[in-house]
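Look at the structure first, then read on.

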Amino acid sequence: DQRVVRQWPQVALDGYAAIPVIAPDAGSRRYITRILQRAGCKATGFTEPRAVFGALAERQYDVAVVSGDPAELEWCASLLGVRPELPMLFVLQNGDPDTIAQVVDSGIDCLEAPFLESDLIARAGLLFRAVWRQHGLAIPGGEAAVRLHLHQPRAQVRGGEIALTAVEYRALWTLAQSRGGVSRFCDLEKSVWGTSSNARRTALRQVIQRLRRK
């Protein structure tokens, strides 16, 4: 629903939708910044993280986007050194599955390039929802779009019943408890199966893919 996607910053983030886009590549920086600006964010591009340290310390920004190859992962650490609780999205260029898993497991959300505009907006919305709660702001939209049954592996999506496997239900329940925050792979694996391993990681990705389709 493009109308809802484009509406979320203006409705719920009055004064809080400022976001720095940090990327060494000018083309990527402009592309990401324009997408976020069209979605209603006050997005500003920067070539490297030191340019935003002061603004982060003064809490002028509540979410950050970093774009680059795996070498730029150090930038994320430098930003978290200024604001340890900073919600962040790392747009990974030229990555591999192991690097993606490393990023997500560290608690930073990750999006692999090339990506859809709607995916970037959705990921930014996920991070901003955590900010809304920090500021005591209500999430817009009225009733929840997804309702989980407490005693059966079923969910209601916009009023329609969706059947879930026991594994899918446990994964969705765990994600729901994070209240819009980022969940680590290892935490999800332990909640779903009781253990965490590399083999579980592949299975968990498949579970998440099925949940998204449903």
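Predicted model: local features only at pLDDT ≥ 70, side-chain atom pairs only at ≥ 80, totals over all residues.

Residues are numbered from 1 along each chain as its sequence is written, and side-chain values use heavy atoms, without hydrogens and water.

The largest nonpolar core has 33 residues. A nonpolar core is a set of buried Ala, Val, Leu, Ile, Met, Phe, Trp, Tyr and Cys residues joined through side-chain atoms within 4.5 Å. Buried means under 20% relative accessible area, exposed over 50%, partly exposed in between (1.4 Å probe, protein chains only). Ile22, Val52 and Tyr61 are among the members that touch the most others. Val52 touches Pro20, Ile22, Phe46, Tyr61 and Leu79, leaving aside residues up to four places away in sequence; contact means heavy atoms within 4.5 Å. A second, separate core of 20 residues includes Ile19 and Leu111.

Helix α5 spans residues 97–105, with Thr99, Ile100, Ala101, Val103 and Val104 buried. Helices (H or I, at least four residues) and strands (E, at least two) are DSSP runs, numbered from the N terminus.

There are three aromatic pairs. Rings of Phe, Tyr and Trp (its six-membered ring) pair if their centres lie within 6.5 Å; planes under 30 degrees apart count as stacked, over 60 as edge-to-face and the rest as tilted. Two of the pairs are listed here.

| Pair | Type | Centres | Planes |
|---|---|---|---|
| Phe46 and Tyr61 | edge-to-face | 6.4 Å | 80 degrees |
| Tyr169 and Trp173 | stacked | 6.3 Å | 20 degrees |
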